[in-house]
Amino acid sequence: MSTCRRVRFFALGLLFVSLAPRIEARKHSAKKTAPKERQSSAQIEAAAHLQIFLDRSNFSPGKIDGRYNEFTWKALALYRQSRGEQPQAPPPDAKSEVAPDINGLDLGSVEPVFITYSVTQPDL
């Protein structure tokens with residue numbers, strides 16, 4: 001076997017060895033990630049509405065993304081506690097999109113949540 005062939009064979013072997021962990025990692029990550037449930041635009045707007053309300057009330061829910069995430073639940077609980085109310089327990093599954101009880105909140109003070117905007121030439 002010539003030296004050139006040995007080098008090629010060795011390089012090919014290194015390539016396969018280096019790809020094996022990546023392939024295995026893809027298999028594992030594909031198993032762990034479940035497909036996200038699609039939210040309706042009304043659900044996203046309602047969650048964003050609550051998140052903006054909490055943020056303006058100085059109880060930041062983290063990023064305002066239109067999802068009832070862990071930080072939104074915690075911010076709402078702290079908001080209710082600060083007013084002497086009993087906070088609602090968050091859902092057991094932290095990744096669920098269960099809407100919290102928003103009775104008694106003045107969400108009307110946050111209007112509008114989304115607006116339609118057309119990008120103009122000066123914007124570009």
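Glutamate 70 and lysine 74 sit four residues apart in helix 3, so about one helical turn separates them. (Helices here are DSSP runs of H or I with at least four residues, numbered from the N terminus.) The two form a salt bridge, with their closest N and O atoms 2.9 Å apart; the term means a side-chain nitrogen of Lys or Arg within 4 Å of a carboxyl oxygen of Asp or Glu. Glutamate 70 is partly exposed at 39% relative accessibility, and lysine 74 is partly exposed at 45%. For those words, buried is under 20% relative accessible area, exposed is over 50%, and partly exposed is in between, using a 1.4 Å probe and protein chains only.

A word on what you're looking at: this is a predicted model, where local features need pLDDT of at least 70, side-chain atom pairs count only at pLDDT 80 or more, and totals for chains, interfaces and linings use all residues. Residues are numbered from 1 along each chain as its sequence is written, and side-chain values use heavy atoms, leaving out hydrogens and water.

Let's stay with helix 3, which covers 70-82. Just past the helix, glycine 84 has a positive phi of about 75°.

Which residues of helix 3 are buried? They are Thr72, Trp73, Ala75, Leu76, Ala77, Tyr79 and Arg80, and helix 2 is part of what covers them. Arginine 80, with 6% relative accessibility, is buried, yet it has a salt bridge to glutamate 85, with the closest N and O atoms 2.7 Å apart. Glutamate 85 itself is partly exposed, at 35%.

Leaving aside residues up to four places away in sequence, it touches Phe53, Leu54, Ser57, Phe59 and Leu105, a contact being heavy atoms within 4.5 Å. In the largest nonpolar core, which has 16 residues, Tyr79 is among those that touch the most other members, along with Leu50, Phe53, Leu54 and Leu105. Such a core is a set of buried Ala, Val, Leu, Ile, Met, Phe, Trp, Tyr and Cys residues joined through side-chain atoms within 4.5 Å. Helix 2 gives the most to this core, with six residues. In soluble globular proteins, nonpolar side chains tend to be buried together.

Now for a polar spot. Glutamine 39 is in the loop between helix 1 (3-32) and helix 2, and is buried at 13% relative accessible area. Its side chain makes a polar contact of 3.0 Å with that of arginine 67 and another of 3.1 Å with that of glutamate 97. (A polar contact is a pair of N or O atoms within 3.5 Å; within protein, one must be able to donate a hydrogen and the other to accept it, and residues adjacent in sequence count only if both atoms are side-chain atoms.) Arginine 67 and glutamate 97 also meet each other in a salt bridge (3.5 Å, N to O). Arginine 67 lies in the loop between helix 2 and helix 3 and glutamate 97 in the segment after helix 3, so the pair ties together parts that are 30 residues apart in sequence.

Stepping back, the chain has three helices and zero strands, and 23% of its 124 residues count as buried.

Conventions. Helices (H or I, at least four residues) and strands (E, at least two) are DSSP runs, numbered from the N terminus.
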